[in-house]
Amino acid sequence: AVGSPIPQLPGNPSFIVKAPGDGSDAGVLRIGPSAEEISTYKTYQLQPQSLTSGSAPLQDGTPPWNDLGIPACVTDVTSGARLCGEALFDTGAPVSVLEQSAYAGPSPLPSGDQIQVELGNPDSPIGQYGLTISANPQPGSDEFIVLPTSEGNTFTPGTQLFFRYDVYFDPVRGQVGLRAH
């Protein structure tokens with residue numbers, strides 16, 4: 001598997017992804033941010049990934065972290081459905097996807113429904129936001145696809161997360177962080 005080239009640069013730098021905000025068409029990838037800038041983020045500590053689970057260090061030996069290990073819940077306030085699982089902050093995933101083993105409701109979630117997203121520990125989330133699904137839901141904006149799974153429950157917020165937050169990744173310490181735009 002090909003790992004991200006950024007953590008394999010000399011010194012294994014941390015990095016920040018700043019997606020474009022409203023009205024902007026350019027984002028920023030900051031490699032090696034200062035400690036002062038990092039201190040402005042709410043962070044979550046990932047757990048080390050077991051090498052026995054089939055994972056492997058990056059090509060340069062950087063240890064793997066369980067980046068599908070951030071607690072997350074998506075609550076459909078309108079229907080009362082609460083879908084929780086482990087989140088993955090994936091810069092390459094445009095669509096918000098929930099994989100749920102015990103969900104029998106509609107997919108995508110219906111237009112007009114009010115949605116609340118919580119990321120991180122429930123008692124101290126690193127991020128939370130709400131939205132109402134529009135009459136014509138858009139991937140990366142307000143569309144939530146729910147897929148059945150026989151695996152564990154997961155949530156990939158997709159670009160929806162990156163349009164709301166600057167996202168910090170530290171491949172050496174196994175931390176992710178959020179800071180609202």
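Biologist: In what order do the elements of the protein chain run from the N terminus on?

Modeller: This is a predicted model. From the N terminus, the elements of the protein chain follow the order β-β-α-β-β-β-β-β-β-β-β-α-β-β. That comes to two helices and 12 strands.

Biologist: What holds the strands of a sheet together?

Modeller: Strands of a sheet pair through backbone hydrogen bonds, and the pairing is either parallel or antiparallel.

Biologist: Which strand pairs in the parallel sense with β5, and over how many bridges?

Modeller: Strand β5 (residues 81–87) pairs with strand β10 (residues 154–156) in the parallel sense, over two bridges. To find the place in the model, look for E86, which stands opposite T154 in β10.

Biologist: In what sense do β4 and β7 pair, parallel or antiparallel?

Modeller: Strand β4 (residues 70–76) and strand β7 (residues 114–121) are antiparallel, with five bridges. Here D76 stands opposite I115 in β7. On to the next pair: β7 and β8 also run antiparallel, and eight bridges join them. N121 stands opposite S124 in β8.

Biologist: What is the strand order in the open sheet of five strands?

Modeller: The order is β2-β1-β11-β12-β3, and the pairing is antiparallel. At the edges stand β2 and β3 (42–45); each has a single partner strand, so one side of each is left without a neighbour in the sheet. From one strand to the next, the twist averages 15°. Within this sheet, strand β1 (residues 15–18) and β11 pair in the antiparallel sense over three bridges. F15 stands opposite F169 in β11.

Biologist: How is a pair of aromatic rings described?

Modeller: Two values are used: the distance of the centres and the angle of the planes. In this structure the count comes to four aromatic pairs. One of them is Y129 with Y165, a tilted pair with 6.5 Å centre to centre and 55° between the planes. This pair links distant parts of the chain, as Y129 is in strand β8 and Y165 in strand β11 (residues 165–170), 36 residues apart.

Biologist: Is Y129 buried or exposed?

Modeller: Y129 has a relative accessible area of 7%, so it is buried. Y165 counts as buried too, at 8% relative accessibility. The cut-off for buried is under 20%.

Biologist: Why is the pair of F144 and F155 called stacked?

Modeller: Their planes are at 15°, with the ring centres 6.4 Å apart, so the pair is stacked. Planes under 30 degrees apart count as stacked. F144 lies in strand β9 and F155 in strand β10, 11 residues apart, and the pair links distant parts of the chain. F144 counts as buried at 0% relative accessibility, and F155 is buried at 1%.

Biologist: What share of the residues of the protein chain counts as buried?

Modeller: Of its 181 residues, 42% count as buried. For a contrast, turn to the surface.

Biologist: Which residues form a nonpolar patch on the surface?

Modeller: The patch consists of L9, L29 and I31, which together have about 240 Å² of accessible area. I31 sits in strand β2 (residues 28–31). With a relative accessible area of 41%, I31 is partly exposed.

Biologist: Is the peptide bond from S107 to P108 cis or trans?

Modeller: The bond from S107 to P108 is cis, with omega near 0°. P108 belongs to the loop between β6 (96–100) and β7.

Notes:
Residues numbered from 1 in each chain as written. Predicted model: local features only at pLDDT ≥ 70, side-chain atom pairs only at ≥ 80, totals over all residues. Heavy atoms only, no water. Pairing = 2+ DSSP bridges. Helix = DSSP H or I, 4+ residues; strand = E, 2+ residues; numbered from the N terminus. Patch = residues over 30% accessible without salt bridge, like charges linked within 9 Å, V, L, I, M, F, W, Y side chains within 5 Å. Areas by Shrake-Rupley, 256 points an atom, 1.4 Å probe, with all protein chains shown as cover. Salt bridge = Lys/Arg side-chain N within 4 Å of Asp/Glu carboxyl O. Buried < 20%, exposed > 50% of the residue type's maximum accessible area, 1.4 Å probe, protein only. Phe/Tyr/Trp six-rings, centres within 6.5 Å; stacked < 30°, edge-to-face > 60°. Axes fitted to C-alpha atoms, helices over the stretch in contact; angles between N-to-C directions.
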